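Hi,

Here is the structure I promised to send over.

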Amino acid sequence: MAIAIKSEREIELMREAGRILAITHEELKKAIKPGITTYDIDKLGEEVIRSYGCIPSFLNYNGYPASICVSVNDEVVHGIPSKNRYIKEGDIVSLDAGVIYKGYHSDAARTYGVGDISKEAEFLIESTRQCFFEALKAAVPGNYIRDIGIAVERYAVARKLGVVVDLVGHGVGAKLHEDPEVPNFETKRRGAKLKPGMTLAIEPMITLGDYEVDWLDDDWTVVTSDGSLAAHYENTVLITEGEPEILSKAEGLEL
């Protein structure tokens, strides 16, 4: 396993990719309302990304047919946008997107509630977001990949939430998916030692029910096996000499 240590130039390119991705997510957040289709969300996301001279990371990646993964309610990840899928009041919507800027990727996901959502859904969305920030505390030099997963799992399990184990985070940089894998759960092996210059996509995928998932017949959309709600929160993170840096952010915008 060869984990790329990024140069200052590469990190600067990834910061800019991340800034544009954060702006894209902000525009999508403002657009999500009852009556919009998942296709509309995808088209808007692609327009924003291309307006900055960037390329959507996901479009045609291993055959994926869209720029934005739009996953609704029990869909964990990789939902395929459709002109026939309308967002409704009370839904929760997970948006996963990537940006390529001058050959370098940033990857980030958010989950939003549509209008009035249940208390359980609110709890899931906020807990999934906090799982990421618990993981971020562990993303420091000298720790290991396993420490990130332990942080996510402990926080989620303490709140009686399910941690998806069939999907993991990953390295990111010149490729969308690089070494190492970054699980959201404790593993037997400690994995790679974290070193400054590593860039990781840390992405808790959490459910209100069990951890088990299924793939739909489209071979992309992953759903909870028990039909429970799922949420996804992800950022591209740089390991530094000290505190980790979130690269998928923009000044003045909330994470």
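**Strands and overall shape**

Strand β10 (residues 205-207) and β13 are joined by three bridges and run antiparallel. Met205 has His232 of β13 opposite it. Both strands belong to an open sheet of three with the order β6-β10-β13, paired antiparallel. Its edge strands, β6 (162-163) and β13 (230-232), each pair on one side only. Here two strands pair if DSSP finds at least two bridges between them. As background, strands of a sheet pair through backbone hydrogen bonds.

A word on the source: this is a predicted model, where local features need pLDDT of at least 70 and side-chain atom pairs count only at pLDDT 80 or more, while totals for chains, interfaces and linings use all residues. Residues are numbered from 1 along each chain as its sequence is written, and side-chain values use heavy atoms, with hydrogens and water left out.

In all, the chain has four helices and 15 strands (DSSP runs: H or I of at least four residues for helices, E of at least two for strands, numbered from the N terminus). Along the principal axes, the C-alpha atoms fill a box of roughly 45 × 45 × 35 Å.

Of the 255 residues, 55% count as buried, meaning under 20% relative accessible area with a 1.4 Å probe, protein chains only.

Best wishes

Conventions: Buried < 20%, exposed > 50% of the residue type's maximum accessible area, 1.4 Å probe, protein only.
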